[in-house]
Amino acid sequence: MMSFSSVSSATTTATTTSSSSSLSSKRSAKMMMMMKKKQSSSKTMITTITRAAADRPETTRVPPTNPEGMPVVPPQDLASRPRRNRRSQTVRKAFQETILTPDNFIYPIFVHDEGDENIPIGSMPGQDRLSFKTGMIKKVAEARAAGVNQVVVFPKTPDRLKTPCGKEAFNPQGLAQRSISLLKDTFPDLEVYTDVALDPYNTLGHDGMVRSDGVILNDETVYYLCQQAVSQARAGADVISPSDMMDGRVGAIRQALDDEGFTHVSIMSYTAKYNSAYYGPFREALDSAPPPGSEGWKIPKDKAEYQMDPANVRECLRESALDEAEGADIMMVKPAGAYLDIIKMLKDNTTLPISAYQVSGEYSMLKAAAAAGYLNERAAVLESLMAIKRAGADLTLTYYAIDAARWLQ
């Protein structure tokens, strides 16, 4: 006599076998239907192609040849095919969302007054300290011929003129002031930007005055920055660019300019200037790196006390809100390439124009990779500049300004 458990087991086995058989039959039927549908679609496709060939006008165009071994498959059932909007150069240009032009570029120039020859900058191939008058004027004329009509001036101050407080920064006959004046005399419609900070004039290599315990003095530095900004405006500067990252300097400079009648002079604030490792070649160009301190006078080895932490994002929103409230006309992100997210965030949170600085380290890396044959220099540079603009930069300071302008023509 069969036990209940045996009957149950037999019933379960029979049910499972029946279910498996049924499932297998369904799969076979489905596969047969798919094969028939595929054959039908293939026949329809061939018929459609044949009919299309018969219905079109006579043409001398030769149809393209398909690669050997290409399968004949039915078209995918797609409502949208994005590649249709990328099918030709004409279509791609028509739909291009970001247009890069020389009008977007500001060309940084280094100027010296220690002879008539340009001095090559070893860590920045293709860039020189330009001799005041001859070299500077010739290079700016070259930039203008390529379509770049904006420059920012960085003077190389002789060591003999540097002091702990950097008073040479507002010397009316200083190299920066004379360079600005000569540029505006020679090219009246040239847009001249300046740099406002004490590091090119400071024996201790910092953007502000350094106290003996290593603290960077804020308000005392701002007092001198205002004098520097006014002296540059008197020389003819169009845009004052405080790069120092001292608190309150934008408002103080705006007030100082207005008090002296320079209400038309703009301020491009270095709003989000990060304490970056990418600045090395620039500091060689101006010989402005902080020197080692001593037991009696501590000198911070970097600028972390006042420049922003590369790990921080929200902090720049605070900086931008302050700069905008204090009267900035343009806000800058520096560096550019590694901080595209910051450019985008500022763009989304202000109505002011955004600039970005493709700094010396970015330039030198591209140059080194191109020299080694690792990159196509033209393609890589234009892609990097396009990315900066796509992120939201209206203006880009770049040492590639002249080359890029020519490549875009």
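The charged end of Lys334 sits over the ring of Tyr279, 4.9 Å from its centre. Lys334 also lies over the face of Phe282, at 5.2 Å from the ring centre. A charge sits over a ring if NZ of Lys or CZ of Arg is within 6 Å of the ring centre and within 35 degrees of the ring normal. The model is predicted, so local features need pLDDT of at least 70, side-chain atom pairs count only at pLDDT 80 or more, and totals for chains, interfaces and linings use all residues. Residues are numbered from 1 along each chain as its sequence is written, and side-chain values use heavy atoms, with hydrogens and water left out.

Now the rings. The whole structure holds eleven aromatic pairs (rings of Phe, Tyr and Trp, its six-membered ring, with centres within 6.5 Å). Tyr274 and Tyr339 have ring centres 4.4 Å apart and planes at 25 degrees, so this pair is stacked (planes under 30 degrees apart; over 60 is edge-to-face, the rest tilted). Elsewhere, Phe282 belongs to one aromatic cluster with Phe110, Phe154, Tyr357, Tyr363, Tyr399, Tyr400 and Trp407.
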